[in-house]
Amino acid sequence: MNTTAKSEATYATIVTAAMDMAAAEGIGKLSLGELSKRTGISKSGIFSRVGSLEALQGAVLDEYDRVFAEEVFLPALKAPKGLPRLVKQVDLWLKRIGSDSSRGACLYTAGAFEFDDVPGPLRDRLEAGVVRWRASLRKTVLQAIEVGHLRPDTDPEQLVFEIYSLIIGMMHDVRFLRGDATARRVQRAFNRLISTYKSFNDLE
């Protein structure tokens with residue numbers, strides 16, 4: 001392995017370990033010292049590759065965004081525009097949250113509670129991520145209205161808020177209460193929610 005490839009592999013090891021740590025303990029709990037212990041890489045070695053703690057937190061969120069897009073956003077785009085795409089987005093999101101591994105943890109949702117009253121660059125970055133994903137949901141809702149799948153009087157912001165509330169509720173019960181029936185309950189709640197917004201023309 002050449003020097004560049006080795007450096008890239010070391011960087012990937014650092015970011016992966018940092019993601020696991022952030023998922024389990026919160027992104028605010030990241031530290032170069034603890035990461036050094038977990039990876040066996042010297043603190044100076046970690047610093048030389050990622051720089052400051054703030055840069056490490058940014059790298060972790062960049063990687064989280066990449067994986068989330070790969071597992072949720074991009075596959076959902078393959079579904080037809082409108083309600084099928086919205087359902088696919090939510091379905092993939094629920095499956096990710098319901099995963100037994102730490103990869104199911106949502107760094108943005110957890111971070112929103114962790115940094116809700118802590119101003120600074122990290123809070124700004126977390127807020128931007130939440131706003132970006134909600135905007136994606138809103139776009140899909142608007143498309144569903146345009147193609148006639150949802151009622152024309154549907155309030156996109158309200159529907160996005162309700163979907164997001166279900167997601168947060170699922171995270172709470174899955175990650176904290178370890179509820180076995182949570183995924184089924186949330187899916188049932190989402191189906192009922194969507195049924196109240198469906199266009200009469202789209203009702204079977």
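1. A residue is buried when its relative accessible area is under 20%, and partly exposed when the value lies between that and 50%. Ser 136 has a relative accessibility of 14%, so this serine counts as buried. The structure discussed here is a predicted model.

2. Ser 136 is placed in helix H7, which covers residues 121-146. Leaving aside residues up to four places away in sequence, Ser 136 touches Phe 73 and Gln 89.

3. Helix H4 comprises residues 53-76 and helix H5 residues 83-97. Their axes come within 8 Å and cross at roughly 140 degrees. H4 is therefore oblique to H5; the cut-off for roughly antiparallel is an angle over 145 degrees. The handedness of the H4 and H5 crossing is right-handed.

4. The residues that form this contact can be listed by helix. Sorted by class, the contact of H4 with H5 holds 9 nonpolar residues, 1 polar residue and 4 charged ones.

5. Ser 7 belongs to helix H1, residues 3-25. Its relative accessibility is 32%, so Ser 7 counts as partly exposed. The C-alpha atom of Ser 7 is separated by 8.0 Å from that of Arg 49, and the two residues are 42 residues apart along the chain.

6. As to the overall architecture, the protein has 9 helices and 0 strands. Read from the N terminus, its order of elements is α-α-α-α-α-α-α-α-α. The C-alpha trace spans about 65 × 35 × 30 Å along the principal axes.

7. How many of the residues of the protein count as buried? The share is 41% of 204 residues, and Ser 136 is one of the buried residues.

8. A last point concerns contacts by sequence separation. Among contacts in the protein with a separation of 6 or more, 66% are between residues 24 or more positions apart.

How values were computed:
Residues numbered from 1 in each chain as written. Predicted model: local features only at pLDDT ≥ 70, side-chain atom pairs only at ≥ 80, totals over all residues. Heavy atoms only, no water. Axes fitted to C-alpha atoms, helices over the stretch in contact; angles between N-to-C directions. Helix = DSSP H or I, 4+ residues; strand = E, 2+ residues; numbered from the N terminus. Parallel < 35°, antiparallel > 145°, perpendicular 65-115°, else oblique. Left-handed = near helix turned anticlockwise from the far one by under 90°. Nonpolar A, V, L, I, M, F, W, Y, C, P; charged D, E, K, R; others polar. Buried < 20%, exposed > 50% of the residue type's maximum accessible area, 1.4 Å probe, protein only. Contact = heavy atoms within 4.5 Å.
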